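User: I have a model open and want to learn to read it feature by feature. Can you take me through it?

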Amino acid sequence: MITVQGLTKRYDDRTVVDDVTFRCEPGTVTGFLGPNGAGKSTTLRILAGLAAPSAGTASIDGRTVRQLPNPAAVVGALLDASAVHPGRTGRGHLRLLAEVIGVPRGRVDELLDVVGLTGAAGRRIGGYSLGMRQRLGIAAALLADPPVLIFDEPANGLDPEGIRWLRGLLRGHADRGGTVLLSSHLLAEVEHTVDHLVVIGGGRLVADAPIDELLAADVTVVRAVDPAALATDLRRAGHPVERDGDRLTVGGTPAEVGAVAARCGHALVDLRPAGRDLEDLFFQLTA
């Protein structure tokens, strides 16, 4: 479990993370969103033990990363795929990490196959594309099979097939009881991957809830045998209505709209929540 409590980070007189609190539960993928400069990367760096907070705590299962005897066995982090020696080969880089954290060498070749880099394992990392470096970083994060994963923009440089592979990897990890914290600007992909959303803006928390709850809107789409008459009755009941042919978009929940229709004797053809996409929600929350 990831627990962030009252986290604050200041640089001189500038506060970049301001009293942020949230939790990431085992068995879930949590999306960590915010515009550039919102404090996401700073929060992730503190979680990974690469920066110290000015106040508050960021812990993994009750301990900070710096308190863990072998952090890589508990948390796998990918924060900067370019932070590797360009002169090493992909296999050499992973073997060095495996030796440091006490993982058998056989795990290296296993993960090179998992991330699709077996054919490039003997090449120098300096010749890797961005997508290949991302895959290598993911392999490094998975070396010790840690229960917690913290990924910052892991889909950068990946093609559509790679993005789909990454989604399956993260969902599979959560389905096995792992905890995933994912920061990404690919909102459409986040919408299809995460269970929970944490959104920050200007260093402050602006949303922390299940994604289905945040995307649910009190707007209903309804079609009826007599849409004009239904629109009239809905307006009389205090619901704003927009009509497009036989399609009515109504301010209110499906239960409220259905109750009006039942009371007034309307035969309905369709009744469902209108919902909204993550892009609309993101801009609404961070405006």
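**Reading the model**

Analyst: Start with the record. UniProt, in an unreviewed entry, places the feature "domain: ABC transporter" at residues 2-227. Keep in mind that this is a predicted model. In the model, the end C-alpha atoms of residues 2-227 lie 50 Å apart. The span is 31% helix and 29% strand.

User: Into which domains is the protein chain divided?

Analyst: Domain bounds come from an automatic or database domain assignment. Here the chain is divided into domain 1 (2-210) and domain 2 (216-286). Their centres, taken over C-alpha atoms, are separated by 41 Å. As for touching, 11 residues of domain 1 are in contact with 8 residues of domain 2.

User: How many residues has the largest nonpolar core, and which have the most contacts inside it?

Analyst: The largest nonpolar core has 48 residues. Those with the most contacts inside it are L33, L117, I138, F151, L197 and L278. Helix α4 (residues 130-142) gives the most to this core, with 6 residues. Domain 1 (2-210) and domain 2 (216-286) both give residues to the core, so it lies between them.

User: Take L117. What is it in contact with, beyond its neighbours in sequence?

Analyst: Leave aside neighbours within four places in sequence. L117 is then in contact with L112, Y128, M132, R135 and L136.

User: T179 is in strand β7. Is T179 buried or exposed?

Analyst: The cut-off for buried is under 20% relative accessible area. T179 is at 2%, so it counts as buried. Strand β7 covers residues 179-183. Leaving aside neighbours within four places in sequence, the contacts of T179 include M1, C24, P147 and H173. V148 is also in contact with T179.

User: What about the 4-strand sheet: which way does the pairing go?

Analyst: The pairing is antiparallel, in the order β11-β12-β10-β13, and the sheet is open. At the edges stand β11 (241-244) and β13 (268-273). Each has a single partner strand, so one side of each has no neighbour in the sheet. The twist averages 20° from one strand to the next. Strand β10 (residues 219-224) is joined to β13 by 5 bridges. At A224, the residue opposite in β13 is L268. Helix α9 (residues 254-264) lies across β10, β12 (247-251) and β13. It runs at about 155° to β13.

User: How many residues of helix α1 are buried?

Analyst: Count them along the helix. In α1 (residues 40-47), 6 of its 8 residues are buried, and the helix is mostly covered. They are K40, T42, T43, L44, I46 and L47. G49 follows α1, and its phi is positive, near 80°.

User: Last, a pair of residues. Where is E189, and what is it in contact with?

Analyst: E189 is in helix α6 (residues 187-193). Its contacts are I163 and R167, leaving aside neighbours within four places in sequence. R167 sits in helix α5 (residues 160-175). From its side, R167 touches E189, H192 and T193, not counting residues up to four places away. E189 is buried, with a relative accessible area of 17%, whereas R167 is partly exposed, with 27%.

Technical notes: Residues numbered from 1 in each chain as written. Predicted model: local features only at pLDDT ≥ 70, side-chain atom pairs only at ≥ 80, totals over all residues. Heavy atoms only, no water. Core = buried A, V, L, I, M, F, W, Y, C linked by side-chain atoms within 4.5 Å. Buried < 20%, exposed > 50% of the residue type's maximum accessible area, 1.4 Å probe, protein only. Helix = DSSP H or I, 4+ residues; strand = E, 2+ residues; numbered from the N terminus. Contact = heavy atoms within 4.5 Å. UniProt positions renumbered as here; feature names shortened; annotations may be inferred. Pairing = 2+ DSSP bridges. Axes fitted to C-alpha atoms, helices over the stretch in contact; angles between N-to-C directions.
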